[in-house]
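Some labels in a structure description rest on cut-offs. Here each label is set against its rule.

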Amino acid sequence: MPETRVNNAIAEIADFIAPEDEFLLLGHEDADGDCIGSLAGMAYLLQELDKNPVIGIYQPIPEMFQLAIQDDLEIEKISEDLPDINRIIVLDSSGQDRLGPAADLLDSRTVLNIDHHEDNDFFGELNFVRPESAAAGMIIFELADSLNWKINQNAARALALAILSDTGFFRYSNTGSRALEVVQELMELGADIHKISRSLYGQNKPEAMRLLGRGLSRIEVSGQGRIAYFYLNREDYRITGTSSRDNEGFVNFARNISGVEVGIFFSEEVDCIKVSFRSNDYLRVNDIAASFGGGGHPRAAGCKTSGELDKVIDRVINEVKKHV
Ligand code: 5GP
Ligand code: MN
């Protein structure tokens with residue numbers, strides 16, 4: 001890891017992009033709306049510059065984010081057949097270790113790291129990290145705006161989806177007035193935010209709702225009412241015919257209980273226990289997630305741990321109790 005945490009200047013980012021035609025765009029594991037929207041948005045911006053961007057994926061893209069991907073995007077599965085592209089742009093990822101099977105690709109290539117996680121470890125040859133930005137999509141918009149890149153309707157839609165997804169449609173604490181201004185501009189460039197809202201929140205699958213119901217029936221409140229949590233186990237996924245890709249946003253139901261500071265959701269996955277944390281006012285859940293090997297933002301973080309579900313729940317809840 002480089003010792004310095006100094007961002008490159010926008011002019012240096014422009015110099016990285018200008019001479020090359022081919023770019024491989026990568027995002028983090030279990031990609032969320034900001035990640036997919038940023039990948040698609042960046043790809044459409046690069047296309048307008050007459051470049052050939054390729055988005056490298058290693059997991060299916062959830063239906064709710066498909067709206068960001070309209071036509072004419074090259075999306076390739078990470079495999080041996082991936083075109084050999086020397087320049088990589090990594091979006092919305094705090095470190096190389098967040099890239100799952102794509103992590104190895106970075107070693108022999110030149111990497112531009114664009115991110116908004118405060119624990120970003122500046123893993124790129126070039127780094128553009130702005131923790132004060134509500135979403136990676138905001139940073140991409142600001143870059144495009146500063147460099148006078150053309151933001152076409154596809155790019156506008158994708159970037160709006162990124163920002164609206166990471167701010168929970170302007171409801172989360174990372175929402176600043178700049179986020180509203182940027183989305184206003186993106187609307188003027190053709191982003192339809194009602195469509196984005198329907199895409200993110202209006203296409204729940206019945207089986208995912210049954211899955212949620214099983215989890216919600218187990219809500220526990222602890223820590224003098226400040227901690228709420230629930231879990232889903234492998235049996236829950238099996239019986240409802242779902243997978244962990246169907247639990248997007250579930251953790252918010254725990255956080256939104258009256259009086260609760262932190263909501264926690266435990267998901268027993270094939271090879272680990274995934275823990276999601278969301279806080280309301282003061283608890284830095286990224287620090288707690290980091291103590292279990294994960295990370296994230298002060299109000300939204302996660303980690304993956306091994307061990308039995310009930311033991312993991314005990315360990316995590318006991319740790320959180322020390323801090324609320
Ligand atoms: P989620 O709970 O939605 O999976 O993740 C919330 C936030 O925590 C996201 O910003 C994500 O980047 C971060 N996060 C989730 N899981 C991990 C993890 O295993 N490691 C790290 N470093 N960050 C994570
Ligand atoms: Mn993000």
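Predicted model: local features only at pLDDT ≥ 70, side-chain atom pairs only at ≥ 80, totals over all residues.

Residues are numbered from 1 along each chain as its sequence is written, while chains are lettered from A and ligands numbered from 1 in the order in which they are written.

Q: Which residues is D115 in contact with, leaving aside its neighbours within four places in sequence?
A: They are D92, S93, S94, N120, V129 and A136. Contact means that the C-beta atoms, placed from the backbone, lie within 7 Å.

Q: In which strand is D115 found?
A: D115 belongs to β5, residues 110-115. Strands are DSSP runs of E with at least two residues, helices are runs of H or I with at least four, and both are numbered from the N terminus.

Q: What makes β7 and β11 edge strands?
A: Two strands pair if DSSP finds at least two bridges between them. β7 (220-222) and β11 (295-297) each pair on one side only. The open sheet runs β7-β8-β9-β10-β12-β11, with mixed pairing.

Q: How do you know that β11 pairs with β12?
A: Three bridges join β11 to β12 (residues 300-305), and the two run antiparallel. The rule asks for at least two bridges, so they count as a pair. H297 stands opposite A300 in β12.

Q: What are the domains, and how far apart are their C-alpha centres?
A: Domain 1 covers 10-201 and domain 2 covers 206-321. These bounds come from an automatic or database domain assignment. The C-alpha centres lie 26 Å apart. Seven residues of domain 1 are in contact with eight residues of domain 2.

Q: What makes up the shell around ligand 1?
A: 16 residues surround ligand 1, and the closest are S276, G294, G295, G296 and G302. A residue is near a molecule if its C-beta atom, placed from the backbone, lies within 6 Å of it. Each of domain 1 and domain 2 supplies at least three residues of the shell. β12 gives the most, with five residues.

Conventions: Contact = placed C-beta atoms within 7 Å.
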